[in-house]
Amino acid sequence: MQQDQKHYRFAVLADIHIDLENGGENTYFIHAQKNFANALKVIKKSGCAFIVSAGDQVTNAAGAEEEWQKYREIIDRSGYQGQIFEAMGNHETRFAKYGGCTVDECRKEFIRYARLDKKPILRPADKTYYVYLDDTFDDAFLFLSLGNGVDTPLIDNFSDEQMDWAEEMAERFTREGRRIFLIQHAPIYGFGAGDDNHEPAYQGSIRLKDTGGKSFRNNRRFFDLICRYKDMIWLSGHTHVDLRDNVIYRKADSRACHMLHIPALSGSTRLSRDKAGRRTLDRTFYGDAAQGYIADVYEDKVVFKGIDFLHDRIYPEYVYTVYKESPPCR
């Protein structure tokens, strides 16, 4: 097959944030339902083989079940028939923070409403992390899970078991010559795409050490993973930072894999400065910025086209081409 012949196309979303707090009144992400419905309409006609979502499908400030039901309802009403492969973000377990349920109950809700048992994936029993394999073109989509709780910067976000599995999968897929897409919701503080690395504005990202300076073992293993497999493409969300702030793609001077941030479908925010001149986020969550990507996959590259899903408009100034850096191993 010629290198300039497109293999397939998929859509990339993050931070959908269906929000029904207070019974749907005075919700934080007031544009979430409209933006999701419009995105599905655009994706349906765009020829995408499937959708990848990098976490925070629901907001879960007061229980996620009704929000999950609304999420499924919007999909069903859209007429979209393709697969949606979701990563588990920090908001999927958020209600556990307020004592409304346990983290394990939140995991079970995610498995149920993301319909993991009905998808063509490889998944350890009862786990929220999994792999989707595209065997036609030898690509692997590796979905990791923020399944340990909601205080992302204060905890070790990954279990020993999850990181053992992730390392095994990455080694296997590299040996098989597969291109690896890593979908994991939260970036690393001060490193990678989605924030100002010199003056980080978003305090909720993954930390490598706790407040006492002790290393978070599995957060560190995740960091080592993205530095070891430099041809991997990591898709993250979480910070909501707008395409217009130009902190979207990073390679960290070839120290790490390709890192691509996905702005929030529910409304982006902008990098700003507070009155003291310190870097911050304005947290406006612009309702007219329902951003994500349409990704065109070729033999030697993936072209991620930034898109305004609300108005069905590609941003020509925010197109990111990620080339393969190493030949297939087989």
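In what order do the 6 strands of the open sheet lie? The legends below take up this sheet and then turn to helices, loops and the whole chain. The model is a predicted one, in which local features need pLDDT of at least 70 and side-chain atom pairs count only at pLDDT 80 or more, whereas totals for chains, interfaces and linings use all residues. Residues are numbered from 1 along each chain as its sequence is written, and side-chain values use heavy atoms, with hydrogens and water left out.

**View 1**
The 6 strands follow the order β4-β5-β6-β7-β9-β8, and their pairing is mixed. Its edge strands are β4 (130-134) and β8 (249-250), each of which pairs on one side only. Strands here are DSSP runs of E with at least two residues, helices are runs of H or I with at least four residues, and both are numbered from the N terminus; two strands pair if DSSP finds at least two bridges between them.

**View 1. Strand β7 and its two partners.**
Strand β6 (residues 179-183) runs parallel to β7, to which 3 bridges join it. F181 has I233 as its bridge partner in β7, and L182 stands opposite W234 in β7. Strand β9 (residues 258-261) also pairs with β7 in the parallel sense, over 4 bridges, and here L235 has L260 of β9 as its bridge partner. In a regular strand the side chains alternate between the two faces of the sheet. Within β7 (residues 233-236), I233 and L235 point one way and W234 and S236 the other way, and all are buried, where buried means under 20% relative accessible area, exposed means over 50%, and partly exposed lies in between (1.4 Å probe, protein chains only).

Just after α1, G47 takes a positive phi of about 80°.

**View 2. Helix α2 and its packing.**
Helix α2 (residues 65-78) has 14 residues and reaches 20 Å from its first C-alpha to its last, close to the 20 Å expected at 1.5 Å a residue. Its buried residues include E67, K70 and R72, as well as W68, Y71, I74 and I75, and the buried residues of α2 pack against α1, β3 (83-86) and α3 (103-113). Just after α2, G79 takes a positive phi of about 80°.

**View 3. Two serines in the loop between β5 and α4.**
S145 lies in the loop between β5 and α4, and S159 is found in the loop between β5 (139-143) and α4 (160-175). S145 is buried, with a relative accessible area of 1%, whereas S159 is partly exposed, with a relative accessible area of 25%. Leaving aside neighbours within four places in sequence, S145 is in contact with M88, T128, Y129, N157, F158 and Q162, while S159, with its neighbours within four places likewise left aside, is in contact with N148 and N218.

**View 4. Two histidines with positive phi.**
H17, in the loop between β1 and α1, has a positive phi of about 55° although it is not a glycine, and H17 is buried, with a relative accessible area of 1%. H240, in the loop between β7 and β8, has a phi near 70°, a positive value in a residue other than glycine, and H240 is buried, with a relative accessible area of 5%.

**View 5. The whole chain.**
The secondary structure of the chain comes to 5 helices and 14 strands, and of its 330 residues 58% count as buried. Along its principal axes the C-alpha trace spans about 55 × 50 × 45 Å.

Terms used
Contact means heavy atoms within 4.5 Å. The expected span of a helix is 1.5 Å times one less than its number of residues.
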